Amino acid sequence: MNSSALIFMLGAWILIIGASVVGLRSLLKHSK
Amino acid sequence: MSETKRENWGSKLGLILAMAGNAVGLGNFWRFPYQAAKNGGGAFMVPYFIALIFIGIPLMFVEWNLGKTGGKYGHGTLGPMVYLQARDKLKPKSALGVGALAGGLAFAVVILVNSYYNQIIGWTLGYTWLSLTGGYKDAAVSTVDVFLNYIGNPVNMIFWVIALAALGFAVMRGIQKGIEAWARVMMPLIYVFGVILIVKALTLGSPVNPDWSPIKGLEFVWTPDFKSLNFGSALAATGQIFFTLSLGMGIISNYASYLKADDDIVLSGFTTIALNEFAEVILGGTIAIPIAFAFLGPDGIGQSVGLSFISLPNVFRNMAGGQFFGGFWFLLLFFAGFTSAIAMYNYLVALLEEDMGIKRSTGALIVFALYIIVGLPVGIEPTLIRGSTAYLDAVDFWVGNVFLVVLGLIEIVVTGWILGKKGLDQINKGSYWKLPKWYYTLFIQVAAPVLIIGFLVGYVVYLAGGGAVLGNSLKNIMSASPWTMAGQIVVLAVLVLGVIQTNLSIRKKYPEEIAKNTVLVVKE
């Protein structure tokens with residue numbers, strides 16, 4: 001896999017996974 | 001105005017799973033991979049993320065707010081919600097017109113999208129059955145023929161009816177015991193099935209050709225090939241954002257109408273988008289294309305509808321454990337489609353409940369009958385003319401592409417420009433995260449409406465110049481084929497009916513203030 005594709009893909013994945021985890025954790029924290 | 005006790009969501013997790021289920025649909029797993037593949041892979045992802053940030057996210061906040069505010073007044077449908085936001089500045093009589101148009105568009109979308117969306121959900125259920133029973137395993141019959149035989153056989157419409165009956169049963173049970181309960185089961189399963197399929201996809205190796213591997217497939221999706229980027233792919237990317245986030249349909253607002261008056265919008269809307277993008281970009285982008293690439297090479301991944309229903313069965317029939325993984329794939333598609341279709345179904349049941357006083361269980365039966373009627377042309381056409389989907393294409397062109405965007409524009413203009421800064425206060429009220437003023441101004445009042453207007457103008461110019469979006473050019477949509485014409489007449493008739501229905505509904509709810517053209521009913 002070429003480096004530009006790898007960086008683009010991993011960058012998008014990290015942002016999306018990070019946003020999902022932060023969102024869910026914050027919501028669960030508030031629902032306690 | 002009649003006061004009815006509205007049901008609320010049972011828990012925050014249930015709400016988020018239901019909202020994510022609303023957004024995560026066939027668009028994530030069936031539409032996204034072939035859109036990305038056809039429009040230059042990585043080059044498609046650039047306008048896709050731009051549209052997500054500048055249109056998708058702002059519009060999601062706007063739709064949640066329309067719903068929460070409308071729910072406070074007992075409204076679950078879009079017409080009265082838009083009326084409420086517009087009436088201060090426009091005065092009730094003019095706001096009635098805007099509300100009726102918005103409600104009419106939402107009415108047309110939730111009825112007509114389901115004339116084919118539910119059919120496709122029926123196909124996924126039928127193909128789950130075919131996968132598990134080895135129904136397409138015979139290599140002597142091409143998977144193209146398997147598919148044409150499948151949609152050409154009226155007996156297979158039973159899967160469509162089963163899917164509709166399951167939807168009706170779920171909606172009949174209400175918000176907490178129906179929609180929320182099903183989302184709690186189906187949504188985690190979508191992510192579990194998705195991860196299992198990703199692991200399988202990425203460990204396939206190169207079974208056919210040493211140059212064809214799943215990683216090469218990923219490389220295709222993610223390499224920014226800017227030479228393939230053109231106006232058509234930018235339009236397709238923007239359309240995909242509306243479709244995947246279920247924006248411009250009224251169904252996000254309908255779900256938000258079951259929020260309590262002090263419930264959060266910003267964090268919940270943001271998390272809904274994050275979970276949808278997880279399902280689309282990570283799961284949807286890492287299953288179909290790498291698998292298809294490993295077995296079929298670069299030429300095998302550019303097909304449209306065929307990627308899921310023709311190319312992948314061709315792969316599953318040659319793959320170790322293919323019956324099992326094929327079953328997983330189509331069941332995942334079924335769950336994803338089901339959790340979105342249930343939102344559209346509920347919109348119409350809410351309309352019957354709130355506008356006509358019909359109780360939920362009866363309403364669910366009426367919508368079941370309605371969906372059977374509007375879905376029949378889509379189901380019957382390929383049984384009469386082998387492989388023909390002209391009616392479906394005509395309905396999808398207008399409703400699935402144009403109506404969503406026009407409705408999205410009305411919503412964001414009404415909130416950002418007509419309601420103005422008051423919209424920011426409404427969104428932030430009760431929210432755990434607060435939208436800053438600069439974000440509201442820059443994204444909701446400027447970027448999103450300007451980009452959507454640009455999209456619509458560009459769409460018209462591009463089509464008029466002979467371009468095609470999703471394979472639909474103006475020429476074939478305006479063709480004199482009787483099925484195409486019938487599709488367009490039905491679209492127009494349902495839209496007109498929707499506008500009239502919404503107009504009457506708003507008048508019935510606010511008779512005095514429309515007569516006096518002054519805002520009288522206010523709930524803080």
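1. In which hand, left-handed or right-handed, does helix 7 of chain B pass helix 14 of chain B? The crossing is right-handed. The model is a predicted one.

2. The two helices, helix 7 (residues 157-172) and helix 14 (residues 322-356) of chain B, have axes 9 Å apart and pack at an angle of about 60°. Helix 7 of chain B is therefore oblique to helix 14 of chain B.

3. From helix 7 of chain B, the residues B:Leu167, B:Ala170 and B:Val171 take part in this contact. On the side of helix 14 of chain B they meet B:Phe338, B:Ala341, B:Ile342, B:Tyr345, B:Asn346 and B:Val349. By class, the contact of helix 7 with helix 14 of chain B holds 8 nonpolar residues, 1 polar and no charged.

4. Another pair in chain B is helix 3 (residues 42-72) and helix 16 (residues 390-419), whose axes come within 10 Å and cross at roughly 75°. That angle makes helix 3 of chain B roughly perpendicular to helix 16 of chain B.

5. Helix 3 of chain B contributes B:Pro58, B:Leu59, B:Val62, B:Glu63, B:Asn65 and B:Leu66, and helix 16 of chain B contributes B:Gly408, B:Glu411, B:Ile412 and B:Thr415. This contact has 5 nonpolar, 3 polar and 2 charged residues.

6. Between the chains, the contact draws 18 residues from chain A and 22 residues from chain B. On the side of chain B that touches chain A, helix 1 (12-23), helix 9 (214-222) and helix 12 (266-296) each supply at least two residues. Helix 12 of chain B gives the most to that side, with 10 residues. The chain B side divides into 14 nonpolar, 5 polar and 3 charged residues.

Terms used:
Residues are numbered from 1 along each chain as its sequence is written. Chains are lettered from A and ligands numbered from 1 in the order in which they are written. This is a predicted model: local features need pLDDT of at least 70, side-chain atom pairs count only at pLDDT 80 or more; totals for chains, interfaces and linings use all residues. Two residues are in contact if their C-beta atoms, placed from the backbone, lie within 7 Å. Helices (H or I, at least four residues) and strands (E, at least two) are DSSP runs, numbered from the N terminus. Ala, Val, Leu, Ile, Met, Phe, Trp, Tyr, Cys and Pro count as nonpolar, Asp, Glu, Lys and Arg as charged, and the others, Gly among them, as polar. Axes are lines fitted to C-alpha atoms, for helices over the stretch in contact, and angles run from 0 to 180 degrees between N-to-C directions. Angles under 35 degrees count as roughly parallel, over 145 as roughly antiparallel, 65 to 115 as roughly perpendicular and the rest as oblique. A crossing is left-handed if the near helix is turned anticlockwise from the far one by less than a right angle, and right-handed if clockwise.
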